[in-house]
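This report goes through one structure, part by part. Please look at the sequence and the model before reading on.

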Amino acid sequence: MRPTLITQKKKQKISDDLIKDCLSILYNTCICTEGVTRRLAERNDFVLFLFTLMTNKKTFLQTATLIEDILGVKKEMIQLDDIPNLASLVSSFDQQQLANFCRILAVTISELDTGSDDKHTLLAKNAQQKKNLGPSRAEINQATLLNIPGFIERLCKLATRKVSETTGTSSFLQELEEWYTWLDNALVLDALMRVANEEAEQKSSDESGLANTSTRTQLPQSMKIMHEIMYKLEVLYVLCVLLMGRQRNQVHKMIAEFKLIPGLNNLFDKLIWRKHSASALVLHGHNQNCDCSPDITLKIQFLRLLQSFSDHHENKYLLLNSQELNELSAISHKANIPEVDAVVNTDRSLVCDGKRGLLTRLLQVMKKEPAESSFRFWQARAVESFLRGTTSYADQMFLLKRGLLEHILYCIVDSECKSRDVLQSYFDLLGELMKFNIDAFKRFNKYINTDEKFQVFLNQINSSLVDSNMLVRCITLSLDRFENQSDAKVAEVLSECRLLSYMSQMSMRMSFLFRLINIIHVQTLTQENVSCLNTSLVILMLARRKEKLPFYLRTLQQMEYTEKYPGFILNNFHSLLRFWQQHYLNKDKDSTCLENSSCISFTYWKETVSILLSPDRTSPCAIVSYIDEAYMDIDRDFSEE
C-alpha cells in the first residue's frame, strides 16, 4: 500500500494515516476472516515489528489492539527480550499508554493454563515438571519486566492514583474518539457512551453529548471513573502475577517501598468498593452483579492481589495502620507472649494511614456482603492468607475482637450457605482463626449454643470433607495441644465445648480418618484435595506420639471388614503414602508450609510415613501388617503420564 507512482531512490516514509488504515484493515480482516489472526501470529518478525509501531502516539491504540488479538491466538508465547529496545519503548509511554500496554503484558507473563490449576492431577503436574527443567517463558518474561528501570514504581503510581489526578479531559476525549472510530462494538465504550450521554442530557438536550461544547470541557465524572477502573484492572493483574512468581521477594520489596498498599487503602471507599448508582456501570445487556462488569472484576482483582500479597510473607502487616499495629503489640503483652518479629520490624512509614487499615476495611465490607455474593469467596481467601503461616495468637485475637468468628458461623450455620467454593473458603478461614486458640473455641461454643445449631454445623462439615478437611485438621491439632496443657481455663473450655468433646471421641476421629482416605486416590489427587491426605497423616502422627498407631491401623482394618471390602482402604492408603514420598521429598518442594500449619517438624512427617510404609509384616506400625495376603495390592506402579 505504499505510494509507488514516483520512483525514488529514497525509501518512502509511510504517513501515520496510512499506517492507521493498514492496521484498521488488518484488524477488521482478523475479525471477519477465520484463520488470518493465526497466520499473522505465526510470523514472529511481524509481531515484533508491530511493537515498534507503539512508539508513535497516533497509532498506539490501533497497534495495541491488534497485538492483543494476535497474542491471544499465538501458540508459543513471545519473549519480551526479543522486542527491540523494550526498556526505551516502555519509558516512552505515558501513564495511559502504560496501562494499555499492561493488557498485552498480561498474556506474556501468565502461565498458559493456570486457570484450572487446582483441577490438574498432581501426577500429571509432576511428570510435566520433570520435562520442563528450566524456567518457563512466562517466568523469563517476568524477570525481563522487573529489570526495566522504574517499571514497578510506575505501575504502583498507576494503581494508586486518584481519579482527580488523571490526565486532562482533552487527551481522554481524543482517546475515546479514537476508540470509537476504531472499535464499533467495544462493550466498554458502549457503557461509557451511555453514561456520558445520561449525564450530558441533564446539561443539554443535544443528543450527541460528547460533541457538545459544554460537555467537552466538563467530562462526566462516572466516565472518568470507569476509565480509571479499566486501567487499574490491568495494572493490578500484572502486579498480582509478579507477586506470585519466582521473583516474589524482589517484587514485595519494591511494592512496599512504592507504597502500593497505603495507596490502595486511600482508594478503597471512593473507587474500589464504592457505592454506585444502578445505571452507572452496567455493560449493555448485562446486570450490575454480573461477573463481567468492570466494577466487579476490579474488586476480585484487588482481593486476589491482597491474597498473594499477604500469603506467607511478613509484609502482610503493611495492611494495618499504626494504631492497629500497636493493638497487636498490646494483645501480645497482655497474653504475656513475645511479639511477632515481623510486627516489630515493620517499617511504620510504609503502613496504611487513615482511621482504618486495609484489612479492617475488608472485614467491614465482608460483614455487609449479601449471602449469595460471589465476593464472599475472595474476601475469605484474602483474610485467610493474612493468617496463614506460623499461627499468631495476636493476629487471631485482632480478628476475633472484630467479630469475624461469629460472622463466619452465621454464614455457615444460620444462612446455611450452599456454595461449595464459599463454604470451603469459610472452613479454611475458620481453621486458621481457631487453631490452638482457646478463646476462639470458647467463642465458638457461645455462638453454637444449641444441639440443633451444632448439628447443622456438623452437617455442613460432613457434606464435603474435601472442603472442610483443613478445619478438621485444625480441631484435631488444637484438641491434642489443649489436652497436654494443665491450665484451668483450658480445662473448662475442654469440658464445655461441643466441638472439642465431639472430636475427642475416638469413634469420630476414626470415622474422619476412614472417609478422608476413602475419597482420594493417587490418580485423582490435585492441589485442591491433597490436603485430605495430609489431614489423615496429622491424625496418625498424633496417634503415633501417644503410641496408639497400631490401634488406629487395626481399627481401620476392622472398619474395612464391616464394609465387606477387606484391604480396600489400607491398599489405597499405602499407594497414597508412596506418592506422598515422591511428591514431598522432591528437592523443589517446600515443606515449611506443612511444618508451619501443623507445628510438627517435617522430620516427624517423613519418619511417620516411612514407618507406615515399612515392608516388615511383623511391625505393629506398618500398613502391610494389617492387609491379609489374599487382599494385598500394594506393588502397583502408578502411571505418571
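Which residue forms a salt bridge with Lys 57? The partner is Asp 94, and the closest N and O atoms of the two are 3.8 Å apart. Lys 57 sits in the loop between helix H3 (44-52) and helix H4 (60-73), while Asp 94 sits in the loop between helix H5 (86-92) and helix H6 (95-109), so the pair ties together parts that are 37 residues apart in sequence. Lys 57 is exposed, at 51% relative accessibility, and Asp 94 is partly exposed, at 31%. The model is a predicted one, and it holds 27 salt bridges.

Another of these pairs is Glu 234 with Arg 103, whose side chains meet at 2.9 Å, N to O. Glu 234 is buried, with a relative accessible area of 14%, whereas Arg 103 is partly exposed, with 31%.

Arg 498 lies in helix H28 (residues 498-504) and Asp 451 in helix H25 (residues 451-463), so parts that are 47 residues apart in sequence are tied together by the pair. The relative accessible area of Arg 498 is 24%, which makes Arg 498 partly exposed; Asp 451 is exposed, with 55%.

Some salt bridges share partners. Through them, Asp 311, Arg 381, Glu 384, Arg 388 and Asp 428 are joined into one network.

## Ser 385 in helix H20

Ser 385 is found in helix H20 (residues 375-387). Is this residue buried or exposed? Ser 385 counts as buried, because its relative accessibility is 0%.

A polar atom of the Ser 385 side chain lies 2.9 Å from the backbone oxygen of Ala 382. Leaving out residues up to four places away in sequence, Ser 385 touches Leu 306, Gln 307, Ser 310, Asp 311 and His 312. Asp 311 is also one of the members of the salt-bridge network.

## The nonpolar core

The largest nonpolar core contains 193 residues. Those with the most contacts inside this core are Phe 51, Met 54, Phe 302, Leu 399 and Phe 457. Helix H13 (residues 221-243) gives the most to the core, with 12 residues.

What does Phe 51 contact, its neighbours within four places in sequence aside? The residues are Ile 67, Leu 71, Ile 78, Ile 83, Leu 89, Phe 101 and Ile 104.

## Helix H32

Helix H32 covers residues 568-584, which is 17 residues. Of the 17 residues of H32, 14 are buried, so the helix is largely enclosed by the rest of the structure.

## Cysteines

How many disulfides does the structure have? The count comes to 0. For Cys 30, the closest cysteine sulfur is that of Cys 32, at 9.4 Å, which is too far for a bond because a disulfide needs the two sulfur atoms within 2.5 Å. Cys 30 is buried, at 8% relative accessibility, and Cys 599 is partly exposed, with a relative accessible area of 38%.

Conventions: Residues are numbered from 1 along each chain as its sequence is written. This is a predicted model: local features need pLDDT of at least 70, side-chain atom pairs count only at pLDDT 80 or more; totals for chains, interfaces and linings use all residues. Side-chain values use heavy atoms; hydrogens and water are left out. Helices (H or I, at least four residues) and strands (E, at least two) are DSSP runs, numbered from the N terminus. The expected span of a helix is 1.5 Å times one less than its number of residues. Buried means under 20% relative accessible area, exposed over 50%, partly exposed in between (1.4 Å probe, protein chains only). A nonpolar core is a set of buried Ala, Val, Leu, Ile, Met, Phe, Trp, Tyr and Cys residues joined through side-chain atoms within 4.5 Å. Contact means heavy atoms within 4.5 Å. A polar contact is a pair of N or O atoms within 3.5 Å; within protein, one must be able to donate a hydrogen and the other to accept it, and residues adjacent in sequence count only if both atoms are side-chain atoms. A salt bridge is a side-chain nitrogen of Lys or Arg within 4 Å of a carboxyl oxygen of Asp or Glu.
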